[in-house]
Amino acid sequence: ADIPVIPDLEEVQEEDLAMQVAAPPSVQVNRVLTYHDLDKDLMKYAAFQTLDGEVDLKLLTKVLAPEHELREDDVSWDWDHLFTEVSSELVTEWDLGHSERED
């Protein structure tokens, strides 16, 4: 009298998804080194003085620019102002090129 019923695949999938909870991502947070730390490490460790044990990087490390020379203040860009500035420079260059060809 009891006839087993085969459930529809859609019903089974809906039930499974409703009961499942996504696992949170596992992220390992490492400390990010500052420019100052990297500069100290570069000068301290001889491992940074050569590349693959063959290429000498001592000359390069002597002429690297310090951080304070590379830092720039953040400047917000206004699209209209930037577009006007670039287009006027291009027109000026184009006019100079035209006048030199005519001379």
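**A nonpolar surface patch and its setting**

Of the 103 residues of the protein chain, 4% count as buried. Which residues make the nonpolar surface patch of about 290 Å²?

Modeller: The model is predicted, and the patch in question is made by Leu33, Tyr35 and Leu38. Together these residues form a nonpolar surface patch of about 290 Å². Leu33 lies in the loop between α1 and α2, the latter spanning residues 35-44. Its relative accessible area is 42%, so Leu33 is classed as partly exposed, because that class lies between the limits of 20% for buried and 50% for exposed residues.

The wider setting is as follows. The protein chain contains five helices and two strands, and its elements follow the order α-α-β-β-α-α-α from the N terminus. The chain exposes about 10700 Å², of which carbon and sulfur atoms supply 58%, while 4% of the 103 residues count as buried.

As to confidence, the mean pLDDT of the protein chain is 77, and 75% of its residues reach 70 or more. Among the elements, helix α1 (residues 9-19) has the lowest mean pLDDT, at 62, whereas the highest, 89, belongs to helix α5 (residues 79-102).

Conventions
Residues are numbered from 1 along each chain as its sequence is written. This is a predicted model: local features need pLDDT of at least 70, side-chain atom pairs count only at pLDDT 80 or more; totals for chains, interfaces and linings use all residues. Side-chain values use heavy atoms; hydrogens and water are left out. Helices (H or I, at least four residues) and strands (E, at least two) are DSSP runs, numbered from the N terminus. Buried means under 20% relative accessible area, exposed over 50%, partly exposed in between (1.4 Å probe, protein chains only). Accessible areas come from the Shrake-Rupley method with a 1.4 Å probe; for residues, only the protein chains shown count as cover. pLDDT is the predictor's confidence in each residue, from 0 to 100. Patches are made of residues with over 30% relative accessible area and no salt bridge: like charges are joined within 9 Å, nonpolar side chains (Val, Leu, Ile, Met, Phe, Trp, Tyr) within 5 Å. A salt bridge is a side-chain nitrogen of Lys or Arg within 4 Å of a carboxyl oxygen of Asp or Glu.
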